[in-house]
Amino acid sequence: MVRSADAVVVGGGVIGVSALYHLAARGVRDVVLLERDTLGGGSTAAAAGGFRAQFSDELNIRLALRCIDAYQRFQAEFDIDIGFRQTGYLFLLRAEEEPHFRTALRLQQSMGVPAELVPVDEALRHVPGTSPDGLSAATFCPIDGLATPHAVVQGYAAAARRLGAHIVQHDAVREILVRDGRVAGVRSAQGEIATPLVVLASGVWSPELARTAGVDLPVTAERRFVHYVASDAGLPARTPLTIDFATGLYFHREGAGLIVGGPWATPEELAPVALQRLPFLADLGVANTWSGLYEMSPDHNALVGRCDEPAGLLYATGFSGHGFQQAPGIGEYLADLALDREPALDLSALSIRRFTDDLSRPELHVV
């Protein structure tokens, strides 16, 4: 079966549905999203749902402020509760980590971000029972927080459908078709779609598909694990998303329980690290564990842009754990790029050309 569309979005995670919605909102009615599984069922489903302005890269901070504003307005615009709550992010630091966090803090504050360096005793009042061992300071930002990824996906998807966009689930794209240096369409499990525009937003599967069009996306997969503790351990309802930066351990309240995450696959692997910082977990136990894939780029910054060849191929991948929080601005940028519009926020520095031009821009605050 061969059909046609003005544009095809490949990938039904939060980046893909954001791109779909923003294309439809800009008047692209015949736009189709193809998802290999179910909407939001890949890495988005495993995301912690955090958003923050505490980055070390200026462009990430600008993008974060735009996306936080978008999430704050989301319920009013899309009529869906996404669980938006600005309970803050708290980074717990050792002495050797302080210098680059202080540098980033000065940059953040110069851009209007209300982040601050706080002493350990003040920081731990947010998270009573947390061990201060080895800590020298912390940073806290009250505009950071949490939202529900699944609700965001459904909000964007429903709005895109109302605008005439089509969503096809359980249809894996196998190949991006190219003819005479231009995108000609996609071949999926259900047939071919002829189109001059493809937005590739398939997370860790993006490099494989990009190669079918002769494009190399330098992205590797890293698995992260989430452990649910079915008790809140007496932590306050407004407990910030807290990160022990040296180890990568993070935790936050989730309903009546706690989410504890990082690179540890089992409770047995998690325990030595978690109990050192969170001794109160010893009597609680892990009720459930799941995992998702980080799509890592060489400098831990997103890969977002438009290919010179084949013309008509746009990509958004390599978010290194920041895809959910950057989705509103990325979808908006992709739609503007596709339609040759002046973007509200210029993200051209995130294109893959930065690696061939020796202009990589490392993001230091990666969890």
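I am working with a predicted model, where local features need pLDDT of at least 70, side-chain atom pairs count only at pLDDT 80 or more, and totals for chains, interfaces and linings use all residues. Residues are numbered from 1 along each chain as its sequence is written, and side-chain values use heavy atoms, with hydrogens and water left out.

Sheet. I looked up the strand order and got β9-β3-β2-β13-β20-β19, an open sheet of 6 strands with mixed pairing. Strands here are DSSP runs of E, at least two residues, and helices are runs of H or I, at least four, numbered from the N terminus. Two strands pair if DSSP finds at least two bridges between them. At the edges I noted β9 (166-168) and β19 (303-306), each pairing on one side only. I then checked β2 (7-10) against β13 (198-200): they run parallel over 3 bridges. Valine 10 has leucine 200 as its bridge partner in β13.

Glutamate 35. I found this residue in the loop between β3 (31-34) and α2 (43-46). Glutamate 35 is buried but has no salt bridge, and the nearest opposite charge, on the side chain of arginine 36, is 5.7 Å away. Buried means under 20% relative accessible area, exposed over 50%, partly exposed in between (1.4 Å probe, protein chains only). A polar side-chain atom of glutamate 35 does lie 2.6 Å from the backbone nitrogen of glycine 12.

Phenylalanine 355. I placed this one in helix α10 (353-356). Phenylalanine 355 is partly exposed, at 26% relative accessible area.

Key:
Lys, Arg positive; Asp, Glu negative; His and termini not counted. Salt bridge = Lys/Arg side-chain N within 4 Å of Asp/Glu carboxyl O. Polar contact = N/O pair within 3.5 Å; in protein donor to acceptor, adjacent residues only side chain to side chain.
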